[in-house]
Amino acid sequence: QVQLVESGGGLAQAGGSLRLSCAASGSISRIDSMAWYRQAPGKQRDLVAVITSGGSTNYADSVKGRFTISRDDAKNTVYLQMNSLKPEDTGVYYCNVRARIRGVPLPYWGQGTQVTVSS
């Protein structure tokens, strides 16, 4: 099994910054993609950013130029640096990791961390 522990959420003012972290642990042989999703109240969970094992990144249009996703493979950790925050960035942020255990790739989700941006 894979366990994901998220941290770094909280309250920020518009224009401020927050940094999210998500550490994966367990019998992991390899981590493929790592991503962050966001779920605003009453809305579906949407992809915010993803980073592949090769370091390629992709972002939702709404966060391009403001958010940066990165990963530390030595620590099995993915980060999301969020700058120039807006009230519409408010939501629960979920870490998603596609990890291989005994060669089988499966998706795993973190428990979610609340981000609230006040205007």
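1. The strands β1-β3-β8-β7, in that order, form an open four-stranded sheet with antiparallel pairing. Strands here are DSSP runs of E, at least two residues long, numbered from the N terminus, and two of them pair if DSSP finds at least two bridges between them. From one strand to the next the twist averages 15°, with axes taken as lines fitted to C-alpha atoms and angles running from 0 to 180 degrees between N-to-C directions.

2. This is a predicted model, in which local features need pLDDT of at least 70, side-chain atom pairs count only at pLDDT 80 or more, and totals for chains, interfaces and linings use all residues. Residues are numbered from 1 along each chain as its sequence is written, and side-chain values use heavy atoms, without hydrogens and water.

3. Strands β7 and β8 (residues 77-82) run antiparallel and are joined by six bridges. Ile 69 stands opposite Leu 80 in β8.

4. The whole structure has one disulfide, defined as a pair of cysteine sulfur atoms within 2.5 Å. Cys 22 is joined to Cys 95, S to S 2.2 Å. Cys 22 lies in β3 (residues 18-26) and Cys 95 in β9 (residues 91-101), 73 residues apart. The link is left-handed, with -80° about the S-S bond.

5. Cys 22 counts as buried because its relative accessibility is 0%, and Cys 95 counts as buried at 0% too; buried means under 20% relative accessible area (1.4 Å probe, protein chains only).

6. The charged end of Arg 45 sits over the ring of Tyr 94, 3.6 Å from its centre. The charged end of Arg 45 also sits over the ring of Trp 109, at 4.7 Å from the centre. The criterion is NZ of Lys or CZ of Arg within 6 Å of the ring centre and within 35 degrees of the ring normal.

Conventions: Buried means under 20% relative accessible area, exposed over 50%, partly exposed in between (1.4 Å probe, protein chains only).
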